[in-house]
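Let's take a friendly walk through a protein model, one neighbourhood at a time. Have the sequence and the 3D view open as you read.

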Amino acid sequence: MELFVGLKRYSMMGLYLVSALVLLVTAALAAEETVFLGDYEVSFDLGNYAGYQLEFEEVPYATVDGKEHPSHVCWIQADKMMMIALTDYGVLMEATSSLTRRAVVSYLNDAECTSIQTHEVDIEGKPAILGLGERPSGEYLICAIYWPDIHEVNGTLYGQVDCTIASEAPAELTEMLLNSIRVRLPGEEPLVEVRSGSDRIEL
């Protein structure tokens with residue numbers, strides 16, 4: 001599970017799994033997946049791709065005001081790994097593009113990537129930072145971070161929950177994940193969003 005190496009920076013023992021709850025789900029038929037990560041409903045659609053499994057874990061991540069906040073992680077296991085991780089900090093955090101970019105670069109650095117590039121994109125219509133780095137093996141790792149609940153307060157962007165998406169999968173599969181992911185906030189009504197071609201992320 002090397003993709004998660006970037007989230008270990010807040011754990012003194014590295015990636016030590018605490019109270020890991022693991023559930024394996026085989027996707028026999030390709031269809032939109034809906035899962036729960038903490039209090040959040042997350043959906044994504046990998047098109048006609050089938051044969052993957054979903055594994056869920058809760059791992060230590062950050063401490064804010066003396067309270068620990070875990071990341072709820074969904075692994076999408078196939079030939080190459082993909083990951084969705086949600087962290088709810090319990091309080092508003094600055095969600096500026098510069099801070100989000102720093103988090104993406106830190107994730108890729110922790111994964112020992114070089115030749116890192118970052119780009120501003122939109123995920124779910126929200127500002128996001130997409131990063132690409134080359135691993136020592138020569139393979140590429142994608143990391144994208146955005147805040148599903150991002151909003152402006154007195155001219156500064158804030159959010160309480162961030163979403164990290166990482167992928168070693170081929171570009172087409174990674175694009176499907178990035179372009180289809182939806183994070184439904186508690187109490188939020190379902191929203192059907194149709195993306196135009198110009199809004200879609202292409203790697």
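## Thr100 in helix α1

Thr100 counts as buried because its relative accessibility is 7%; buried means under 20% relative accessible area, exposed over 50%, and partly exposed in between, with a 1.4 Å probe and protein chains only. You will find Thr100 in helix α1. Helices (H or I, at least four residues) and strands (E, at least two) are DSSP runs, numbered from the N terminus.

What does the side chain of Thr100 reach? It reaches the backbone oxygen of Thr96 at 3.0 Å. Not counting residues up to four places away in sequence, Thr100 touches Ala95, Ile129, Ile145 and Trp147, where contact means heavy atoms within 4.5 Å.

## How to read this model

This is a predicted model, in which local features need pLDDT of at least 70 and side-chain atom pairs count only at pLDDT 80 or more, while totals for chains, interfaces and linings use all residues. Residues are numbered from 1 along each chain as its sequence is written, and side-chain values use heavy atoms, with hydrogens and water left out.

Now look at another threonine, Thr164, which sits in strand β11. Is Thr164 buried or exposed? With a relative accessible area of 3%, Thr164 is buried. Leaving aside neighbours within four places in sequence, the contacts of Thr164 are Met83, Ile84, Ala85, Tyr107, Cys143, Ala144 and Ile145.

Two strands pair if DSSP finds at least two bridges between them. Strands β7 and β8 (residues 126–134) run antiparallel and are joined by eight bridges.

In the hairpin of β8 and β9, five residues lie between the strands, and Gly138 takes a positive phi near 95°.

Most residues other than glycine have a negative phi. Which way does phi go at Glu112, positive or negative? Phi of Glu112 is positive, near 65°. Glu112 belongs to the loop between α1 (97–110) and β7 (114–123), and it counts as exposed because its relative accessibility is 56%.

Asn154 has a positive phi too, near 50°. This residue lies in the loop between β10 (151–153) and β11 (156–167). Asn154 counts as exposed, at 79% relative accessibility.

## An enclosed helix

Helix α2 (residues 171–180) is largely enclosed by the rest of the structure, because seven of its 10 residues are buried. Which residues of α2 are buried? They are Leu173, Thr174, Glu175, Leu177, Leu178, Asn179 and Ser180.

## Aromatic pairs

The structure holds two aromatic pairs. Rings of Phe, Tyr and Trp (its six-membered ring) pair if their centres lie within 6.5 Å; planes under 30 degrees apart count as stacked, over 60 as edge-to-face and the rest as tilted. Tyr49 and Tyr52 form a stacked pair, with 6.2 Å centre to centre and 0° between the planes.

How exposed are these two tyrosines? Tyr49 counts as partly exposed because its relative accessibility is 25%, whereas Tyr52, at 0%, counts as buried.

Terms used
Polar contact = N/O pair within 3.5 Å; in protein donor to acceptor, adjacent residues only side chain to side chain.
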